[in-house]
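Here's a quick briefing to read alongside the model. Have the sequence open while you go through the points.

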Amino acid sequence: MKTRIIGTGSCLPKTVVTNEDLSKIMDTSDEWISSRTGIRERHLVKEETTASMSIEAARRAMEDAGVTAQEIDLIIVGTLSGDYVTPACACEVQAAIGASRAVAFDINAACSGFMFALNIANAYIQAGLYKTALILGAETLSKVVDWQDRSTCVLFGDGAGAAVVRGDEQYGLLAFDQGSDGTKGDVLACPGRTNNNPLVQTDETLRYVHMDGQEVYKFAVTTVPASLQKTIEAAGLTPADVDYFALHQANIRIIQSVSKRLHITEDKFPISLDHCGNISAASVPILLDEMNRKGLLKPGMKVAMSGFGGGLTWASAVVEW
Ligand code: UT7
């Protein structure tokens, strides 16, 4: 039995902020952002929260999959920007959709969060513990980026993506690779709350994302093709057998580099970063949902996915859709 994605959903905040809009409030330009990254606009929250977007994405994925809340055994949200330290965003989703039988928790693997959630759900399903899981990647990155730092804040957006997965006799997950390198945690980091206990002296109140963009870039263009190659081989395939590559949407130049290294044309790498920016854990499931709703994905098609980012973390999977 394989673990199969049987439905997808996503939710983006209503408000769109273009590169041109950003150039009016900081020293940047559409030319710089679009030529270095491929990003043209992103959606940023006003009223929405990480949980509200997750709940909407979850409802859409359940509708697409044709499953009821009572069928869901497990809910995992990959996020680094939940609304609360506790309760977990997954518990908020559980309450809102009425999945009272489900076990719900969040994980933090930064931009690899959805892919890690997929592998955790797969492990539970393969172990026979659960049948049906709802997995999400959801972020409100606009609250954790430093809006005084033009080299990072222009890159990120807000949103949520979801998928329902279930055991299937015919199609599903063929191979998986995941890894972490905690020794490089400082190249993409966002400190948590400062300690205000009476024994600790601190002046800092809020601290935000900081990133060594070039180090992350180098990590991505070496690790992602190697991880994809390994996963595709483990699935008994070659890159040419893969119908689509759904990669974490950080930068068009990273995607172009992966396409070159795998000798696969760019048309097999759909993108959403042009209108979403980088939404960390949410970017892969949002992209999958867009592909699904455009009718690109047919049963049995081979789809390779890959997430990479803070931690450092990375994860790839090959599925038969
Ligand atoms: O989810 C995973 C996380 N992140 C990534 O995958 C990011 C990977 N890294 C990247 O995508 C690229 O490194 C960036 C897009 C972040 C930056 O591109 P870069 O080509 O590495 O630019 P840079 O940081 O070397 O900056 C080049 C110049 C600098 O000016 P000087 O020193 O050459 O005069 C920056 O100050 O661009 C300047 N700059 C900007 N100019 C206009 C930096 N940010 C901006 C900006 N607008 N927003």
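Let's start at asparagine 119, which is found in helix H5. Helices here are DSSP runs of H or I with at least four residues, strands are runs of E with at least two, and both are numbered from the N terminus. This is a predicted model, where local features need pLDDT of at least 70, side-chain atom pairs count only at pLDDT 80 or more, and totals for chains, interfaces and linings use all residues. Residues are numbered from 1 along each chain as its sequence is written, and side-chain values use heavy atoms, with hydrogens and water left out.

**Around asparagine 119**

- Asparagine 119 counts as buried because its relative accessibility is 17%; buried means under 20% relative accessible area, exposed over 50%, and partly exposed in between (1.4 Å probe, protein chains only).
- Leaving aside residues up to four places away in sequence, asparagine 119 touches Phe176 and Gln178, with contact meaning heavy atoms within 4.5 Å.
- The side chains of asparagine 119 and glutamine 178 also make a polar contact, at 2.5 Å.
- A polar contact is a pair of N or O atoms within 3.5 Å; within protein, one must be able to donate a hydrogen and the other to accept it, and residues adjacent in sequence count only if both atoms are side-chain atoms.

**The whole chain**

- The protein chain has 10 helices and 13 strands.
- Along the principal axes, the C-alpha atoms fill a box of roughly 55 × 45 × 35 Å.
- Buried residues account for 56% of the 321 in the protein chain.
- Take the contacts between residues at least 6 apart in sequence: 76% of them join residues at least 24 apart.

- Helix H8 covers residues 252–261, and its buried residues include Ile252, Ile254, Ile255 and Val258, along with Ser257 and Ser259.
- Among the elements covering the buried residues of H8 are helix H2 (30–37), helix H7 (213–234) and strand E12 (302–309).
- At the start of H8, a side-chain oxygen of asparagine 251 comes to within 2.7 Å of the backbone nitrogen of arginine 253.
- Histidine 263 follows H8 and has a positive phi, near 60°.

- For background, most peptide bonds are trans, and most residues other than glycine have a negative phi.
- Threonine 86 and proline 87 are joined by a cis peptide bond with omega of about 5°, and proline 87 lies in the loop between strand E4 (74–78) and helix H4 (89–97).
- Another cis peptide bond joins glycine 311 and leucine 312, with omega about -10°; leucine 312 sits in the loop between E12 and strand E13 (313–320).
- Alanine 110 has a positive phi, near 50°, in the loop between strand E5 (103–107) and helix H5 (113–126).
- With 8% relative accessibility, alanine 110 counts as buried.
- Serine 280 has a positive phi too, about 45°, and is placed in the loop between H9 and helix H10 (283–293).
- Serine 280 counts as buried, with 3% relative accessibility.
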